[in-house]
Amino acid sequence: MFEQMQMVEKRYQELTRLLADPAVLSDGARYAQVNREWKSLSPLMETYQAYQNALQSLQESRELLADPTLDSDLLEMAKEEEAAQLQASRQLAGRLQILLLPKDPLDGKNVILEIRAGAGGEEAALFAHSLLRMYTMYAARRGWKAELISQNATELGGVKEAALSLEGEDIYSRLKFESGVHRVQRVPETETGGRIHTSTVTVAVLPQADEVEVEIDPKDLQIDTFRSSGAGGQHINKTESAIRITHLPTGLVVECQDERSQYKNKDKAMKVLRSRLYQRELEKQNQEIADNRKAQVGTGDRSERIRTYNFPQGRCTDHRIGLTLYRLEAILDGDLDEVIDPLIADHQARLLAAQRPL
């Protein structure tokens, strides 16, 4: 760990020097790149400095305890200080280990979040709308920019499928564990017998790809325009502003009809298409790694049931880590950190365990 920190410290000092270099300051792109790396290393350096301070204080306390002339009151204070600094140094060492874990290169990516109603008909569509609202409210809590790209609504206020663009800091690192099947158990309003129904909704979290990461040949695209459907007034019925893009080599189809401008709909549809192609490539790479290791390497299998939302009990259960919270209403209002933080902690613990020799 200390050898790693010496290299990190050297790189951090170099980045600090570059940020003051006039040549870097005059180059916007270069400055942004250096500043981004500097900011990513700052939490690590701050923790390392705090760890060194704790060790120094611990050493001073032990030197004081070794003084045979120390009176009883000072001796007691020195013992308390030693215990406090020992605990602090251990906690900071653990924090350093986590910060030094290999970073997922996708963690800083913006995402396209896709929600699709599964089994359960209209009840599934209604819950898909609830999840769309939940993630939108969570984005607001985190200060992320949320933009609805597409939505296929039902007459009763549900959503058959929707796509949400989220932009901000470290979005993928927090939302990547949301991919999978979300199950809801509740009594539908239309159910006269009071029976609990079970429905499912699929969530996919796709890292947004930059244009340089996914090259799309215009010759591979079939672009169709059509009239938007659904609520929207006279404009919806008269103008062919909706866009359908088909990627011929893969057969992927993306539609967008939320904007009045055909250009804006095309731009949004291309963003979704690029992210889906990027995800396919990532899954292909993960599968190749899995085949080489003869073990599955977290490809985000969407068929997995990851979470259950039980309305009669006010319960939310994440099946991957056995987490149960009786705060369903707050969670659906976007208070997701209590669910996501334990998932991140579990992931970090697994990485730490994998690094330790058997």
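The model is predicted, so local features need pLDDT of at least 70 and side-chain atom pairs pLDDT 80 or more, while totals for chains, interfaces and linings use all residues. Residues are numbered from 1 along each chain as its sequence is written, and side-chain values use heavy atoms, without hydrogens and water.

**The ring beside Trp 144**

The structure holds three aromatic pairs (rings of Phe, Tyr and Trp, the last by its six-membered ring, with centres within 6.5 Å; planes under 30 degrees apart are stacked, over 60 edge-to-face, the rest tilted). Tyr 138 and Trp 144 are edge-to-face because their ring planes stand at 90°, with the centres 5.5 Å apart. Tyr 138 is also buried, at 1% relative accessibility.

**Helix 5**

Next, select residues 121–142, which form helix 5. The chain has 10 helices and 11 strands (DSSP runs numbered from the N terminus: H or I of at least four residues for helices, E of at least two for strands). The 22 residues of helix 5 should span 32 Å at 1.5 Å a residue, and the end C-alpha atoms agree, being 32 Å apart (the expected span is 1.5 Å times one less than the number of residues). Buried residues of helix 5 include Phe 127, Leu 131, Met 134 and Tyr 135. Just after the helix, Gly 143 takes a positive phi of about 80°.

**The nonpolar cores**

Now display the side chains of Leu 113, Ile 115, Leu 131, Tyr 135, Leu 175 and Leu 273, which have the most contacts inside the largest nonpolar core, a set of 58 residues (buried Ala, Val, Leu, Ile, Met, Phe, Trp, Tyr and Cys joined through side-chain atoms within 4.5 Å). Helix 5 supplies the largest share of this core, eight residues. Centre the view on Leu 131: apart from neighbours within four places in sequence, Leu 131 is in contact with Ile 115, His 182, Val 201, Val 203 and Tyr 309 (heavy atoms within 4.5 Å). A second, separate core has 17 residues, among them Leu 18, Leu 19, Tyr 48 and Leu 99.

**Charges over rings**

Select Arg 244 and Phe 226: the charged end of Arg 244 sits over the ring, 4.4 Å from its centre (NZ of Lys or CZ of Arg within 6 Å of the ring centre and within 35 degrees of the ring normal). Arg 186 lies over the face of Phe 311, 4.8 Å from the ring centre.

Move to strand 10, residues 315–318, where Thr 317 is found. Thr 317 is buried, at 9% relative accessibility. Beyond residues up to four places away in sequence, Thr 317 touches Ile 306, Arg 307, Thr 308, Leu 323 and Thr 324. The C-alpha atoms of Thr 317 and Ile 306 are separated by 8.6 Å, although the two residues are 11 apart along the chain.

Finally, select Asp 170, in the loop between strand 3 (159–167) and helix 6 (171–175). Asp 170 is partly exposed, at 37% relative accessibility. Its phi is near 55°, a positive value in a residue other than glycine. Most residues other than glycine have a negative phi.

**The whole chain**

Technical notes: Buried < 20%, exposed > 50% of the residue type's maximum accessible area, 1.4 Å probe, protein only.
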